[in-house]
Amino acid sequence: EWDRWLLMGLIGTAVGMLAFLIHQIIDSLIKLKWDLMENYLQVSKRKTWSMGADVVIYLSTGQDGNIHMTWLCALGSGLAMVVLSSGSVLFFCPAGSPSGLPEIIGYLNGTSIPHLFNIKTFLGTFVSCVLAVASGLFCGSEGPMIHLGALLGCGLSQLQLDTLGVHLPIFTRFRNSADKRSFITAGAGAGIASVFRAPIGGLLFTLEEVSSFWDIRLAWQTFFCCLMATFTMDLLSSSLCGFVYRGHFGFFEAEKRIIFWNLLDMNVLAFVPTILLGMLGGLLGALFVSLNIKINKLRMQFFNSIPKLSLRKTSKLLETMLILVISCVPLVANLGSGRNFLALGVGCILSFSCSSDRGSAAALLVENGKQGITYLFKRGTHEEFGYTSLCTALAFYFTLSCWTAGSAIASGLVIPMLYTGALYGRIIGLILVSIFGVQTNEYGAWIDPGLFAAIGAASFFSGVSRLTISLTVIMVSMLS
């Protein structure tokens, strides 16, 4: 069995390297987008925000032309990425759209899907995922990473490319249906493990969601594959950021991975809002799934009514562009007197006056989902976000992420689900703060909006995906 373990380790290492490459490219593209927007603003840069969030705020000079050009630059660069992202799955590899996870589950349950594991699907999904996330759409890279991990598991175990006619005489004994499915399962688990840095979560995810046939040997080998993927991702990320070497190779900084440093003493009263959040997550999750099914049915009816295939694909491409345009609509808040500030972000531009509530609204609306989740989970920030900013961001993310899911791009829903749940969890926590006030004693420390943001994120994720055990492990791995 040594060759099977060796192959599992190679698959995990390859998936970890691929996840690292995807995140580095996304960060580099986002930085490039910011640099392009800065060229059109003659402003004095003002770094940051009271909570220490990495939000760049620019003091506007009153030249509206510069602001408009900056918005056009953000919109133009986002549209260019969306066109390439959607075009890669529409015209290059149709099997890569949208997330790949349902197709992987279907294949492991015995459904034959053409071109699901060929090299064109791999390249198209990779390009589409990177550009879709960097463009500013409300999506994540988690679903495509599961598909890409499964593709690596299939390719490295079989070592043959039917598209190119390549058949290597190595690991030939694994070229059968049963072993092929086992390696695909391990690759999919390594994909989710590398994203969340949770090897046990990746193992349980494959058991609970992906695999149809399971045994103890496959469990240990899948866990080893997930462990190698997580270790490779952490090792490479320890010294590189946006392909820039920052030293300290192999030094794992805990503050970059652990969101909650301090433990909170719990009160039995905390279970009351927790149960409420669980029920709310189930209801909103059911609403999200129902709306998404209806949107996809309408989408299919509309596109199927177009007789010509080229026009149908072009219409799907235009839909993704429309979603991005709506995501980039400038949100202007006039608060009367006060100096105007302009916050530039990945997806939109928000003009607001200098106040803490507007600053928090800017951080929620213009930052990417992963960074926004970190802000929402942060403890000790009871009054950092107001009801207006939280409700506005909740409406935006719930609606646009529901519309984006199923469009012609390779994208995932995990980040939007966590973000949406964290928003209404934070609202519940803010309501408790409004009722009981900011508690500093040990008996009232559980009244923290950051804590309920984490619970809300898990509740909405569970309500949409119906995951339980693996989701709990993933959340614990993320937060501690």
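**Helix packing and charged pairs**

Tutor: Keeping in mind that this is a predicted model, we can begin with helix 4 and helix 5, whose crossing is left-handed.

Student: Okay, and at roughly what angle do the axes of helix 4 and helix 5 cross?

Tutor: The axes of helix 4 (residues 119-135) and helix 5 (residues 142-158) cross at roughly 155°, and they come within 10 Å of each other. Because angles over 145 degrees count as roughly antiparallel, helix 4 is described as roughly antiparallel to helix 5.

Student: Which residues meet there?

Tutor: From helix 4 the residues in contact are T121, F122, T125, F126 and C129, and they meet P144, H147, L148, L151 and L152 of helix 5.

Student: Switching topic, how many salt bridges does the structure hold?

Tutor: It holds 4 salt bridges, and one of them joins the side chains of R173 and D3, with an N to O distance of 2.8 Å. That pair links distant parts of the chain, 170 residues apart, since R173 sits in the loop between strand 4 (166-167) and helix 6 (177-196), whereas D3 belongs to helix 1 (residues 2-38).

Student: And D3, is that buried or exposed?

Tutor: D3 counts as buried because its relative accessibility is 13%, which falls under the 20% cut-off. R173, in contrast, has 42% relative accessibility and therefore counts as partly exposed.

Student: What does R4 pair with?

Tutor: R4 forms a salt bridge with D179, and the closest N and O atoms of that pair are 2.9 Å apart.

Student: What about R299, which residue is its partner?

Tutor: R299 forms a salt bridge with E319, where the closest N and O atoms are 2.8 Å apart. R299 and E319 are both buried.

Student: Which backbone oxygen lies 2.6 Å from its side chain?

Tutor: That is the backbone oxygen of T404, which lies 2.6 Å from a polar atom of the S407 side chain.

Key:
Residues are numbered from 1 along each chain as its sequence is written. This is a predicted model: local features need pLDDT of at least 70, side-chain atom pairs count only at pLDDT 80 or more; totals for chains, interfaces and linings use all residues. Side-chain values use heavy atoms; hydrogens and water are left out. A polar contact is a pair of N or O atoms within 3.5 Å; within protein, one must be able to donate a hydrogen and the other to accept it, and residues adjacent in sequence count only if both atoms are side-chain atoms. Helices (H or I, at least four residues) and strands (E, at least two) are DSSP runs, numbered from the N terminus. Buried means under 20% relative accessible area, exposed over 50%, partly exposed in between (1.4 Å probe, protein chains only). Axes are lines fitted to C-alpha atoms, for helices over the stretch in contact, and angles run from 0 to 180 degrees between N-to-C directions. Angles under 35 degrees count as roughly parallel, over 145 as roughly antiparallel, 65 to 115 as roughly perpendicular and the rest as oblique. A crossing is left-handed if the near helix is turned anticlockwise from the far one by less than a right angle, and right-handed if clockwise. Contact means heavy atoms within 4.5 Å.
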